[in-house]
Amino acid sequence: MTFNDIFKSSFLENITSVSLLDMMVALILAFGLGLFIFLVYKKTYQGVMYSSSFGTTLIALTMITTVVILAVASNVVLSLGMVGALSIVRFRTAIKEPLDIAFLFWAIAVGIVLAAGMIPLAVTGSVVIGIILLVFVNKKNYRNPYILSLSCRDSDSESHARKFLESQVQRCVIKSKSAQKGSVELNLEIRMKDDNTDFINALSNMDGVSSAILVSYNGDYLG
């Protein structure tokens, strides 16, 4: 084997397997659609604390997936090695919001479809998915559950407060109750009749009620 034969390898032959134009078009489209996914995520986020790093990850994940699929599509042997390499990757970051999983799969799917050359499918699918998420996630409904944290002086004031509350809301269910000497604390799940919350002000001004706190309930209790 001569010195020239060393460089006559499949590695050098793969340099031109994907044209520069295809790479630039795919990466530019991946960045554009990844940015669109990021903007939809930002508009539909309903968690406690917004994380800009996750939004940036969506853009990067779309572009990275596009690069990987372009490489895999150009070489069958490389695709087998890529599957083996990616199978040992483990992600330890916990996904706290169920909707975040949908955005992750959306970014990955867009990268795969773009690299496969199905540009109309990637663009049209992203627009349709984005519109659906914006409509349904941002839809405000006053019948969504709320948690009311109520502090009363004694059982009599608790009884009066609950009777008043039941007359103002559509549904009222006790989730927890803590009683101490001279203090009774209740956590109640309520469904309001409309979006008017003035009854909280009237409730806090009742005799024997020290505080009334209304918070939106997203399925998790913070303790």
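Biologist: What should I know about the model, and from which number are residues counted along each chain?

Modeller: This is a predicted model, in which local features need pLDDT of at least 70 and side-chain atom pairs count only at pLDDT 80 or more, while totals for chains, interfaces and linings use all residues. Side-chain values use heavy atoms, with hydrogens and water left out, and residues are numbered along each chain, as its sequence is written, from 1.

Biologist: How many helices and strands are there in the protein chain?

Modeller: Helices (H or I, at least four residues) and strands (E, at least two) are DSSP runs, numbered from the N terminus. From that end the elements run α-α-α-α-α-α-α-β-α-β-β-α-β. The totals for the protein chain are nine helices and four strands.

Biologist: In what order do the strands of the open sheet lie?

Modeller: Two strands pair if DSSP finds at least two bridges between them. Strand E1 (residues 146-152) pairs with strand E3 (residues 183-192) in the antiparallel sense over seven bridges, and 10 bridges join E3 to strand E2 (residues 169-180), again antiparallel. The open sheet of four strands, with antiparallel pairing, therefore has the order E2-E3-E1-E4.

Biologist: Which strands stand at the edges?

Modeller: The order of the open sheet is E2-E3-E1-E4. One side of each edge strand is left without a neighbour in the sheet, because each has a single partner strand, and these strands are E2 and E4 (209-216).

Biologist: Which residue in E3 is the bridge partner of Cys172?

Modeller: E2 and E3 form a hairpin with two residues between them, and Gly182 in the turn has a positive phi of about 80 degrees. For Cys172, the bridge partner in E3 is Ile190.

Biologist: Are H3 and H6 roughly parallel or roughly antiparallel to each other?

Modeller: Axes are lines fitted to C-alpha atoms, for helices over the stretch in contact, and angles run from 0 to 180 degrees between N-to-C directions. H3 and helix H6 (residues 98-115) pack at an angle of about 165 degrees, with their axes 10 Å apart. Angles under 35 degrees count as roughly parallel, over 145 as roughly antiparallel, 65 to 115 as roughly perpendicular and the rest as oblique. H3 and H6 are therefore roughly antiparallel.

Biologist: Is Thr44 buried or exposed?

Modeller: Thr44 is found in helix H3 (residues 20-44), where its side chain reaches the backbone oxygen of Val40 at 2.7 Å. Not counting residues up to four places away in sequence, Thr44 touches Leu99, Phe103, Leu133, Leu134, Val137 and Asn138, a contact meaning heavy atoms within 4.5 Å. Buried means under 20% relative accessible area, exposed over 50% and partly exposed in between (1.4 Å probe, protein chains only). Because the relative accessible area of Thr44 is 1%, this residue is buried.

Biologist: How far apart in space are Leu203 and Leu150, C-alpha to C-alpha?

Modeller: Leu203 is found in helix H9 (residues 198-204) and counts as buried, because its relative accessibility is 0%. Residues touched by Leu203, not counting those up to four places away in sequence, include Leu148, Leu150 and Phe164. Leu203 and Leu150 are 53 residues apart in sequence, and their C-alpha to C-alpha distance is 9.1 Å.

Definitions and conventions
A polar contact is a pair of N or O atoms within 3.5 Å; within protein, one must be able to donate a hydrogen and the other to accept it, and residues adjacent in sequence count only if both atoms are side-chain atoms.
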